[in-house]
Amino acid sequence: MTDVTFILRDGSRRTLDIAEGTSVMQAAVMENLKGIDGECGGCLSCATCHVYVEAIGTGALPPMDEEENALLDGVAAERRPESRLSCQILATPGLSGLVLRVPERQV
Amino acid sequence: MTDRLVVVGASHAGCRLAFAARELGFAGEIVLIGAEPTPPYQRPPLSKGYLKGATPLAAILLKSEAAFHEAGIALRLGTPVTAIDRTARTVALASGGAIAWSRLALTTGARVRRLAVPGADLAGVFHMRDLADADALGAALPGAARAVVVGGGFIGLEAAAVLRGLGLAVTVLEAADRLAPRAFPPLLSAWLKTLHESRGVDVRLGAQLREIVGRDGRVAAAGLADGHEIACDLVVVGIGVVPADDLARDAGLAVDRGILVDAHGLTSDPAIAAAGDCARHPNPWAATPGAPTLLESVQNAHDQARVAAAALVGRPIVHDAVPWFWSDQYDTRIQMAGLSHPDDEIVLRGDPAAGRFSLLHLRDGRLAAVDSVGWPQDHMAARRLLIDRPAIDPERAGRHDGGLADLCRIG
C-alpha cells in the first residue's frame, strides 16, 4: 500500500492508503475526495484530475508522456511545472509519502 | 415530514447527483436506488478494458462503500422502482413497499435497443449495456473464434476492436452506407472503415440483417437479406439505446423520447429533476440553440447531474457545458467536442494517413464542433474555444498546421 496525501482547497490534508497498481485519481474519486473529478475514468480524455506535486516520497514519479503533456495544456486551473494528471500516477511502494495539492478548479 | 431526496437510478448521473446534492449543502436524507445488484459503476470500460479482461470490477466502481457512508447516502441496490406517486410523493419498489420523498431525481438512463430479427433470442447473441451484458459476453469469449457485430456505431466498433484484439475473426454489419453515420461526417466514417479493415475486420456496409441462424439453440450464422450467411460463434449487438422514460411517462410527467427537463434539470413537476441519458434538455450547443436534446455521454451525465442537484437544493444553475465525447478503438482515441450537424461545413486539418487529424465543423462560418483523431491537443483546445464560437476562415484553417487556438485568434 502507498500513502498519498492530498492538500485540499480548504487547506486541510487527507491521506489515502492506495493499493499498488491503482491510480491516484481512481483512489481519490472512489473516496470522494473533493477537487478530483476524473470524469473519463482515467483514459486521458478529460484533464479533470489535475494535481500539483508538492513533495515526492522516496521513489520517482512515472515520466510524463506526450498525451499527458498535451492534456495538461488544457487544464482549467493554471498549469505549473509541478502539474500532473493523477490518473497517470499509479501507486507503487516507492511513492509512499507523495504529497499532492488539489488545484482551484477542474472544469 | 422528513426531507428526503430519492434518486432513482444508481447510474453515473444518479451517483453524481446524490454526491453533488450533499456537497451543495442538502442536509436531509439521500437514498440512491439501483435496479442492478452491483454498486454504481463506470459504463465506458464495459466495451473497452473491462471486456478485454484488463480492468477488474473493483477498478470501475464509481465510489467506495466508505464514500457513500461518509456522505450519508443510503444505497438500495437490486431494487427496481415500479411507479412514482406524485400526490403521495412516494416511489413503489418491485420488492414491495414504497419510499417517501420530498424531492425526487430520475437518473434511469437508457435501455439497449434489442435486436428484432428471427433468432435474436438464441444463445450466443449478446447486447451491450450493463455489467451483466459485458460479463455474459466475456464468459463466452474463450470458446469463440468468429464474431459478427451488428451495428457500426461507437459501441459496435469498440466491441469489434476488443474482439479483434483477442484474436477473433470479426465481421461488422452496418445497415447504412457508412460507419457511425449519425455521429460522424463521411470523411471520418471512411477513415474508421480503413482503420478496422487494416486490423483485419470485415466491414459490411448497407448490410441488412435478416435473421440469426441457429443450430442446437445456439448461434451458427448471421443471415443477410441478400441471402449471404456469415458463419459465427457469437453475435454482439450495438444498435443504440432508448431513454428509460416510462416511469416518468406513467407518472404524467412531460415526456418526448426522453424525460423533458428545463435548463435547470427540472421536469414538468418542479419537485422532480432528471439527468443523464434519460433527460431531453434544452442544449445551447444544438444546431438550433436550445433545442431539446438527448445526449448519451458520461460528461453530460455528470454535468446535468450537478445542475439537477443544484435545482433540487434550491440553488439553480444553468446547464450550458460544451458537450464532449470519446471513443477508444485499438490504440486510437477519437474525441469529439461540441454538437455536430449534417449541414456543417467540414474543414480537415492534420494528416489522416498519419492518424492525427481534426475535422472542424463550421456553422455560419463559426466553429460549432471538432472531431479529433489522435490529437488530444486539438480536442482540449476545442473544448475551450467552442465556448466563444469563434469565426474561422475555412481556407486558412485547412492550410494551418499550428495550434487550433492560434487559428482562432488570428482567423
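This briefing describes chain A first, then charged pairs and selected residues of chain B.

The model is predicted, so local features need pLDDT of at least 70 and side-chain atom pairs count only at pLDDT 80 or more, while totals for chains, interfaces and linings use all residues. Residues are numbered from 1 along each chain as its sequence is written, chains are lettered from A and ligands numbered from 1 in the order in which they are written, and side-chain values use heavy atoms, with hydrogens and water left out.

**Chain A as a whole**

- Chain A contains 2 helices and 5 strands; here helices (H or I, at least four residues) and strands (E, at least two) are DSSP runs, numbered from the N terminus.
- Read from the N terminus, the order of elements in chain A is β-β-α-β-α-β-β.
- Chain A is as compact as a globular protein of its length, because its radius of gyration of 12 Å is close to the 13 Å that the globule rule gives for 107 residues. The radius of gyration is taken over C-alpha atoms, and the globule rule is 2.2 Å times the number of residues to the power 0.38.
- The C-alpha trace of chain A spans about 30 × 30 × 25 Å along its principal axes.
- Of the 107 residues in chain A, 52% are buried. Buried means under 20% relative accessible area, exposed means over 50%, and partly exposed lies in between (1.4 Å probe, protein chains only).
- Among contacts in chain A with a separation of 6 or more, 65% are between residues 24 or more positions apart; a contact means heavy atoms within 4.5 Å.
- Chain A carries 9 positive and 16 negative side chains, and the centres of the two sets are 7 Å apart. Lys and Arg count as positive and Asp and Glu as negative, while His and the chain ends are not counted. Each charge is placed at NZ of Lys, CZ of Arg, CG of Asp or CD of Glu.

**Salt bridges**

- Side chains of opposite charge can pair when their charged atoms come close.
- There are 27 salt bridges over all chains, where a salt bridge is a side-chain nitrogen of Lys or Arg within 4 Å of a carboxyl oxygen of Asp or Glu.
- One of them joins Glu68(A) and Arg84(A), at 2.7 Å from N to O. This pair links distant parts of the chain: Glu68(A) is in helix α2 (residues 66–72) and Arg84(A) in strand β4 (residues 83–85) of chain A, 16 residues apart. Glu68(A) and Arg84(A) are both buried.
- In chain B, Arg4(B) pairs with Glu29(B), and their closest N and O atoms are 2.8 Å apart. Arg4(B) is in strand β1 (residues 4–8) and Glu29(B) in strand β2 (residues 29–33) of chain B, so the pair ties together parts 25 residues apart in sequence. Arg4(B) is buried at 17% relative accessibility, whereas Glu29(B) is partly exposed at 38%.
- Arg333(B) and Asp328(B) form a salt bridge with closest N and O atoms 3.0 Å apart. Arg333(B) is buried at 16% relative accessibility, and Asp328(B) is buried at 18%.
- A network of salt bridges links Glu67(A), Asp328(B) and Arg333(B).

**Aspartates in chain B**

- Asp303(B) lies in helix α8 (residues 298–312) of chain B and is buried, at 6% relative accessibility. Leaving out residues up to four places away in sequence, Asp303(B) touches Glu39(A), His319(B) and Ala321(B).
- Asp216(B) is not a glycine, yet its phi is positive, near 55°. Asp216(B) sits in the loop between β13 (209–215) and β14 (218–224) of chain B and is exposed at 78% relative accessibility.
- Asp364(B), also not a glycine, has a positive phi of about 55°. Asp364(B) sits in the loop between β25 (356–363) and β26 (366–373) of chain B and is exposed at 78% relative accessibility.

**Helix α9 of chain B**

- Helix α9 (residues 376–385) of chain B is mostly covered, with 8 of its 10 residues buried. Among the buried residues are Pro376(B), His379(B), Met380(B) and Leu385(B).
- Arg383(B) belongs to helix α9 of chain B and is buried, with a relative accessible area of 14%.
- Not counting residues up to four places away in sequence, Arg383(B) touches Ser45(A), Cys46(A), Val322(B), Trp324(B) and Ala337(B).
- From C-alpha to C-alpha, Arg383(B) and Ala369(B) are 8.8 Å apart in space, and they are 14 residues apart in sequence.
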